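Subject: Structure handover

Hi,

Here is the structure I promised to pass on. Have a look at it first, then read my notes below.

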Amino acid sequence: MPACAETRQRTEGSADVFPVLSSSGAESLSSDEKEVAAGGTEGEGSAEEHPAGEDSSENSSSSSLEEESDAEELDGRRSDEEQEEKESLAHCNESGVKCLPPCEHCRNENDQKEEVTPRMLSGGQYVVQLDAEGTYQCSLTGLIFEVTGAVKITYSLLSWSKYANLVEKPWIVGGPLFDVRCDSTPALTSIQFPHSLCLGDHGAGMAFKVLHVKGEGAAIEPSADYSASHVKWLVSSLSPVGPLIQSQEPVQYHGAVILYKVVDEHPSLSFRVYVATNNDSFIKDISRAVKHSNKKFIKIDKPPVCQKLLQKGKRYRLICEPEAEITPEEIEFVDGSLLKLKSYIEVYLEKPDDFTLSLVELESDATVWKARLRESDWIHYDQNKNEQKRSTVSNVKKRKPALSILEEGELCSKKQKTGNAAATRGRASIPQNLRFMRKW
């Protein structure tokens, strides 16, 4: 199939006026931006998960994971955030660059951009120091910054579920959500956000905009441009920002399949299979949901990128060879970026043998994703765990055996005798004149 020409569109005009709720009541906004009321506070919310067969519409009522104690967060916050960042970028290669295969519908871009690798800070933040005017692309997140001079930019990945009530139909999530900060905002002229959509031949029927969270509300602002991989936004002010899309036709996504294995003492095998858009915010939510589960999991390192596009509303089936218990066997794909409860497929094998998982599109019977799982994919974790246990035991000092009552009595008697002898020697060592003076 021939590759289609790159689609670009410059958005003009402004959105309709919306009231935004505040403590003083409803206020009218300018016609340059569309405001919607914000129902949540800034920051990260904890994502949860549930089997894909359950009703996802009830997920907004679940908030137990958001009530974790401050002490727990302080104890493990730094290590947890670093682990989440590693897992959220697990679909990248060793250099951190997105490992999406060339899509037959998308055209590769040859824009002149300098690639930069950010430093990672605690709390899941990235920071880049740009020394001169130019266009720079982050090798880990895909963000593209256009600057007019030297600047220091700090940014972090956020969860869309936190701001789900700000995204109203017909708008849907187009890519990851970021919180961007800059020490010289005027020098940062534009940001290009990566999106997870395949535009194909449908770019003309799509409209891109950007959700810009502003304090108590949010604005849906025009995009300046878009391409096969990014949405360009002219910086007005800095706060959480992410791309939105409106389409007259079914949307197709570049997808990813993420695998986790349950860690327990049973010889049987149990896995969670997440079918997601290749969206860093979505994948980070999955990592957080697994971390906060009552069970313990390890991530299985398999190529996650789907070889065929995922489409909203289409049905897919997960197949296992040899046969396994799969719940549910079929799913209808939806982009779960806005959902707190992340749907998954459960796979259970009674015997711990090697097996193959395949995700198949029911309509065409085409294989969307496939992976062979072997015991070596997770056995190293068990070996490391056992080594750590042995190391811990060897480092613990052995306690002396408890003494019996008789032995304790004899020991006390010996100590008393030793003490009396030492006192006698001490008195004998006192000079005669001092003993004479002591009598007086």
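Let's begin at one end of a helix: Asn279 caps the N-terminal end of helix 2, with a side-chain oxygen 2.9 Å from the backbone nitrogen of Ser281. That counts as a polar contact, meaning a pair of N or O atoms within 3.5 Å, where within protein one must be able to donate a hydrogen and the other to accept it, and residues adjacent in sequence count only if both atoms are side-chain atoms. Helices (H or I, at least four residues) and strands (E, at least two) are DSSP runs, numbered from the N terminus.

A bit of background before going on. This is a predicted model, so local features need pLDDT of at least 70 and side-chain atom pairs count only at pLDDT 80 or more, while totals for chains, interfaces and linings use all residues. Residues are numbered from 1 along each chain as its sequence is written, and side-chain values use heavy atoms, with hydrogens and water left out.

Back to Asn279, which sits in the loop between strand 21 and helix 2 (280-291). Is Asn279 buried or exposed? Asn279 is buried, with a relative accessible area of 0%; buried means under 20%, exposed over 50%, and partly exposed in between (1.4 Å probe, protein chains only). Leaving aside neighbours within four places in sequence, Asn279 is in contact (heavy atoms within 4.5 Å) with Trp160, Val173, Gly175, Pro176, Ser196 and Ser337.

Now helix 2 itself. Eleven of its twelve residues are buried, so helix 2 is largely enclosed by the rest of the structure. Among the buried ones are Phe282, Ile283, Ile286 and Val290, but also Asp280, Lys284 and Arg288.

Which strands pair with strand 21? Strand 20 (residues 255-262) does so in the antiparallel sense over seven bridges, and pairing requires that DSSP finds at least two bridges. A hairpin of six residues joins strand 20 to strand 21, and Gly255 stands opposite Thr277. Strand 27 (residues 341-349) also pairs with strand 21 in the antiparallel sense, over five bridges, with Arg272 opposite Glu346.

There's a nonpolar core to look at too (buried Ala, Val, Leu, Ile, Met, Phe, Trp, Tyr and Cys residues joined through side-chain atoms within 4.5 Å). The largest has 64 residues, of which Phe145, Ile153, Leu188, Ile191 and Leu357 touch the most other members. A second, separate core of 13 residues includes Leu166 and Trp171.

Overall, the protein has five helices and 29 strands, and 44% of its 440 residues count as buried.

One caution: the average pLDDT, the predictor's confidence in each residue from 0 to 100, is 74, and 60% of the residues score at least 70. Over residues 1-49 the pLDDT is below 50. Where pLDDT is low, the predicted coordinates should not be read in detail.

Cheers
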